[in-house]
Amino acid sequence: MATVGLKCPECGSLDIVDDEHYSQPQLVCADCGAVVSEGLLTTTRSEETQGTDVRYSNSTEVDKKPCRNLINGIHRVRALCRILRLTFLMEETAETHFKQAYEHPNFIRVSLQKKEVLAGCCVLATCRQHSWPIAMGTICCLLEANPRLIGVVYQEMVKTLKIEAPPISIINLLETHCQAYKLSPQYVHEELSESSKDLTKRAAVLLELAADAWLVTGRQPIPILTASIFLAWQSLKPTQTRLKYTLARFCQMAKVTKSSIAPKRVTELKEVLCKLGQELPWLRGDEVTPQTVIQMVDDILNHRLTLLRRALSSHEEALASESVVPPSLEDSLPGSHTNTSCLEGAVSSQTPGQTPKEPFVGEPDTGSVQQQGDVDLTYTVVMEGLPHTGPGTDSQHSQPSVPNSGKRSLFEPPSVRYAKIRRVQVPVVEVTGDEEISDSEIDSYIRTPQEIRDYVEAKEALASSSDDEF
């Protein structure tokens, strides 16, 4: 195609044509073959056809495909979110946490089992961020993994990503946990059936009492939830049929998995109920046993605040009576006359017309412990007026030992009740023979005059007995 208006600089011909050399079009003279557009590498037409220049590395770059374990982990996160019926926003958040944690250097060279567990940990962290009532035991059951391994990976993941995932309150987990129990009339007999609403309400009050008695602190939530629901089911209708049911039989009837620790929580919760039931004024102490306390749960929960105060007062008086110094010990202690009067003023500070226990209030405690004031369940008895060891007092006449922390409190935490005895490592002493000997040790090696006489008499007696034999 000839171009109008152009002239060949070599021969002056006007026959200029377009010659596409590879991808670059050029203007060439048809008569002599000279390149008229030499030096003009781009024109308006070439810019439209070729576009902008790019680097070779960018033009040949291939998108990196995710590895198979990453793809499987994302599918696992999505499956867990859909099983738990999480929202689309929570599902995206869990996927983001998983991708960030998977590509982090702390999780690159770990075992395949930890990478599989990492998906469940990201879902758990997302649920806690959105206050979704999902426990770690639920994730363990869905993944069929070791709870200890999930706990380790979860702590490391939260620390690595620096996310805030506050733990869910056990009360929030109760309603979801109660729905798993098949106790409606369509599953069990009418005498054994119970509505989920009533069961949740009674179990929530039992959980508050368990939290006041240090049964929830530092414990796994599933066993204490199972124990509270079981006792709530028995106490709502304490018939002989329900009282005969054991925890294992109850879980089998409700079609839930029985925890191995739940029977221990049932025993501990019954002990707390017995301590409060013994303070009921219309009952005697020997009438309240773990077998009969279920029938009194309704009264105990209605007046639990008053019963807690009465139980603490009774425990305080028992400790005060045990801490009174006996007369024989008072005579041997220095300053016994003065200390006895102080001790009597500290222990018996009540007037003759005042009763030792707090009067029982017949109105039920409708509010919780947090609303009507906290009850100090770790009361410590401090005895005043006991003799102290002074500069001129012998160490043998020190003050009597105060009961340990386990006996000073009516309800103690598990770390106090089941305290582990730590082994004391005895330092190895190397004897070289150059050690200094104290004067008291030297005196112990020197015989007293009486020991010398006894030794001489024994030696003479042995010598005379040997002469008689020969």
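## Nonpolar cores

Trp233 and Phe250 touch the most other members of the largest nonpolar core, which has 55 residues. A nonpolar core here is a set of buried Ala, Val, Leu, Ile, Met, Phe, Trp, Tyr and Cys residues joined through side-chain atoms within 4.5 Å. Buried stands for under 20% relative accessible area, exposed for over 50% and partly exposed for values in between, with a 1.4 Å probe and protein chains only. Two or more residues of this core come from each of H8, H9, H10, H12, helix H13 (262-277), helix H14 (297-302) and helix H15 (304-322). H10 gives the most, with 8 residues. A second, separate core holds 35 residues, among them Ala94, Phe107, Cys121 and Leu124.

The model is predicted: local features need pLDDT of at least 70, side-chain atom pairs count only at pLDDT 80 or more, and totals for chains, interfaces and linings use all residues. Residues are numbered from 1 along each chain as its sequence is written, and side-chain values use heavy atoms, with hydrogens and water left out.

Helices (H or I, at least four residues) and strands (E, at least two) are DSSP runs, numbered from the N terminus. H10 has 16 residues and spans 22 Å from its first C-alpha to its last, close to the expected 22 Å at 1.5 Å a residue; the expected span is 1.5 Å times one less than the number of residues. Of the 16 residues in H10, 13 are buried, and the helix is mostly covered.

Leu183 belongs to the loop between helix H8 (170-178) and H9. Leu183 counts as buried because its relative accessibility is 2%. With neighbours within four places in sequence left aside, Leu183 is in contact (heavy atoms within 4.5 Å) with Val188, Ser193, Glu194, Leu199, Trp233, Phe250, Met253 and Ala254. Leu183 and Met253 are 70 residues apart along the chain, and their C-alpha atoms are separated by 8.0 Å.

## Aromatic pairs

The whole structure contains 5 aromatic pairs. Rings of Phe, Tyr and Trp (its six-membered ring) pair if their centres lie within 6.5 Å; planes under 30 degrees apart count as stacked, over 60 as edge-to-face and the rest as tilted. Phe98 and Tyr102 form a tilted pair, at 5.7 Å centre to centre and 35° between the planes. Phe98 and Tyr102 are separated by about one helical turn, because they are 4 residues apart in helix H4 (residues 88-102). Phe98 is buried at 1% relative accessibility, and Tyr102 is buried with a relative accessible area of 9%.

The pair of Phe230 and Phe250 is tilted because the ring centres are 5.4 Å apart and the planes stand at 55°. Phe230 lies in helix H10 (residues 221-236) and Phe250 in helix H12 (residues 247-254), so this pair ties together parts that are 20 residues apart in sequence. Both residues are buried. Ring pairs link Tyr181, Phe230, Trp233, Tyr245 and Phe250 into a cluster. Residues up to four places away in sequence aside, Phe250 touches Tyr181, Leu183, Ile229, Phe230, Trp233 and Tyr245.

## Charges over rings

A charge sits over a ring if NZ of Lys or CZ of Arg is within 6 Å of the ring centre and within 35 degrees of the ring normal. Arg249 lies over the face of Tyr245, 4.0 Å from the ring centre. The charged end of Arg447 sits over the ring of Tyr455, at 4.6 Å from its centre.

## Salt bridges

There are 7 salt bridges, each a side-chain nitrogen of Lys or Arg within 4 Å of a carboxyl oxygen of Asp or Glu. In the bridge between Glu194 and Arg242, the closest N and O atoms are 3.0 Å apart. Glu194 lies in the loop between H8 and H9 and Arg242 in helix H11 (residues 240-243), so the bridge ties together parts 48 residues apart in sequence. Glu194 is buried, with a relative accessible area of 12%; for Arg242, also buried, the value is 0%.

Arg304 forms a salt bridge with Glu208, the closest N and O atoms being 3.0 Å apart. This pair links distant parts of the chain, with Arg304 in helix H15 and Glu208 in helix H9, 96 residues apart. Arg304 is buried at 4% relative accessibility, whereas Glu208 is partly exposed at 28%.

The side chains of Glu268 and Arg219 meet in a salt bridge at 3.0 Å, N to O. Glu268 lies in helix H13 and Arg219 in the loop between H9 and H10, so the pair ties together parts that are 49 residues apart in sequence. Glu268 is buried at 3% relative accessibility, and Arg219 is buried at 16%. Salt bridges that share partners join Arg219, Arg265 and Glu268 into one network. Not counting residues up to four places away in sequence, Arg219 touches Arg265, Glu268, Pro414 and Tyr418.
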